[in-house]
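Reader: I'm new to this structure and would like to learn how to read it. Could you walk me through it?

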Amino acid sequence: MTNQELAQIFSHIAEILDIQGENPFKVRAYKKAVQTLENLTTQISTVKNLEKLGKLPGIGEAITKKIKELLETGKLKYYEELKKSEYAPLTEFLKIPGVGPKHAKLIYDKLKINNVIDLEKKATQGKLRGLFGLGEKTEENILKGVTQVRKYKERFPLAFIHPKAQALVNELKKNKDVEKITLAGSLRRMKETIADVDILVSSKNPESVSDSFVKLPQVSSVIAKGSTKTSIVTKDGFQSDLRIVKPEEFGAAQHYFTGSKAHNIRIRSLGVQKGLKINEYGVFKGKKRIAGKTETEVFKSVALPYISPELREDWGEVEMALQKKLPHLVELKDIKGDLHVHTDWSDGQNSIEKMAEEAKKRGYQYIAICDHSTAVGITKGLDPKRVEKQIEVVKKLNKKLKNFKILSGIEVDIRADGKLDLPANVLKELDLVVVAVHTKFSQSEAEMTKRIIKAIESPLVDILAHPTGRLIGKREPYQVNIDKIIDCCKANDKILELNAYPERLDLNDINCRKAKEKRVKITISTDAHNINHYFWMNFGIATAKRGWLEPNDVINTLPLNKLKKFFKR
Ligand code: DGT
Ligand code: CA
């Protein structure tokens, strides 16, 4: 059981207790444990002496005992009992923005509904307003929130599901009858949300592979089992389809099941023009198989170069491939540093030094420390005095570090009127200034666009972080005219961020492409709040590839001496 899985269980416990109206101290204790678990840098399951856990903040004796029980038995009696509570299903309501535990309980107590589908119905019928002081406006917001939750309910964020899918692949690989294995579908194309996991295997003994698949420890139920297709549902609640093909079919099947459907249709019709039939079994001229063992063979059969999975959306990649003008996509190995990193000076969990050491270990040449300014409302936002202090600390650390540079930056808040949350004389002292919106998301498109443009136009600003503010599955982007923002960045020679934080991926693929077309530079940054978060660069890179970005479009592919010319100093 991973730290994340443990955290999920304790988080669910806290939510149920909260709705039941339990002692707030007890609820807070669980929430604190969740925070600690999420930020731990070692996996608890690898710790030999669990008693040591009691020394971690928020993990007392009682919780240590529960962790022990979970690790030893895979279950927690207390949790199993709690889940039987009539209030347990109401935790679903908490995903709706603006609905807290008290609302959830009231809605259930008065209306006897415990799921979002019924809640949506009641809100549509106007049955919420007037109840226990809920106004029309709140009802409208609940309705909006419910629709949003329902929209995402059936899809999982990429960063949540990708490591879990990879784990399924790694487990299955242990079976010697697996010849080749790959992820397919939207997961291989690295779409930002995923409906189900597609895995493809080639094997001469499909039964053996299928047997192993249904016996994987992650499996919670088996939907169907056969020698070519087997479907399971995992304990994490997502479906995974395994297809097993013959070795000579692997490339054709890999291409077919990677999709997208629209891309496949284009390739198939190119085949038709050449008198070829292309399907998941191979490329055929009449009855004769002429290709299919590898994807490259399939593309070659229609005179195309290999097209990277991230591009296969029929967004123009086939035309570009025909003209031999495909982009040379940016790769993880091109990245030289991370330009948006938090530390324990604000809401991060590791020290500046630790963040730097870890980045260096990853082969980076630099990072930019960009802690929050005070307006965001987090407890430790940086005021002018602390900014100055941090600059001094960074200077000292830089003297110690070899072949690595810490840049002093800041993530300064763009206030509702477009003014920045720190004065110019402070911003001037920094190596770079990142600006972002964290408050007043409800402004009109005109107001929000004007607000952000004002910030971009400020002379000391370098980068606009997470430009649309969306949180995948949780919050829609704020209303903003992204075309105007891109134009403004171009006019002022400013940089847009592709924030790789799993729930952000903001700019998204389409907006990255728009920025590239206008020749606006992009930084792919993780917004890391601890050393583990550097891993998220993978998903930033994936999104960049889906946005057709090349190394030249991305400023943090540059070594430090060339990077500096982009900053307004
Ligand atoms: P998802 O699951 O909604 O996140 O997206 P995908 O792309 O993984 O879609 P899925 O799982 O339904 O199918 C996997 C791939 O199989 C899909 O990308 C293309 C291929 N495929 C599925 N059905 C068809 C079809 O009717 N025609 C063609 N040409 N390809 C299909
Ligand atoms: Ca799929």
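Reader: What should I know before I start?

Author: This is a predicted model, where local features need pLDDT of at least 70, side-chain atom pairs count only at pLDDT 80 or more, and totals for chains, interfaces and linings use all residues. Residues are numbered from 1 along each chain as its sequence is written, chains are lettered from A and ligands numbered from 1 in the order in which they are written, and side-chain values use heavy atoms, with hydrogens and water left out.

Reader: How do I read a sheet, and what is the strand order in the open sheet of five strands?

Author: Start with the terms: helices (H or I, at least four residues) and strands (E, at least two) are DSSP runs, numbered from the N terminus. Two strands pair if DSSP finds at least two bridges between them. Here the order is S2-S4-S7-S6-S5, and the pairing is mixed. Strand S2 (180-184) and strand S5 (219-224) are the edges, each pairing on one side only. On average, neighbouring strands of this sheet are turned by 25 degrees against each other, direction ignored. For angles, axes are lines fitted to C-alpha atoms, for helices over the stretch in contact, and values run from 0 to 180 degrees between N-to-C directions.

Reader: In which sense do S2 and S4 pair?

Author: Antiparallel: five bridges link S2 with strand S4 (residues 197-202). To find your place, look for threonine 182, which stands opposite leucine 200 in S4. As a general idea, side chains in a regular strand alternate between the two faces of the sheet.

Reader: Which strands does helix H8 lie across?

Author: Helix H8 (residues 158-173) lies across S2, S4, strand S6 (229-234) and strand S7 (239-245). H8 runs at about 165 degrees to S2. Contact, by the way, means heavy atoms within 4.5 Å.

Reader: How many residues surround ligand 1?

Author: A residue is near a molecule if one of its heavy atoms lies within 4 Å of it. Here 16 residues surround ligand 1, and the closest are Arg155, Ser186, Arg189, Ala195 and Asp196. The shell divides into four nonpolar, six polar and six charged residues. In that count Ala, Val, Leu, Ile, Met, Phe, Trp, Tyr, Cys and Pro are nonpolar, Asp, Glu, Lys and Arg are charged, and the others, Gly among them, are polar.

Reader: Which atoms should I zoom in on?

Author: Taken alone, ligand 1 exposes 590 Å², and the protein buries 72% of that. Those accessible areas come from the Shrake-Rupley method with a 1.4 Å probe. Helix H9 (185-188), helix H11 (250-258) and helix H12 (261-273) each give two or more residues to the shell.

Reader: How are the strands paired in the open sheet of seven strands?

Author: Parallel, in the order S11-S12-S13-S14-S15-S16-S17. Its edges are strand S11 (337-341) and strand S17 (522-525). Inside, five bridges join strand S13 (residues 405-413) to strand S14 (residues 432-436), and aspartate 413 stands opposite alanine 436 in S14.
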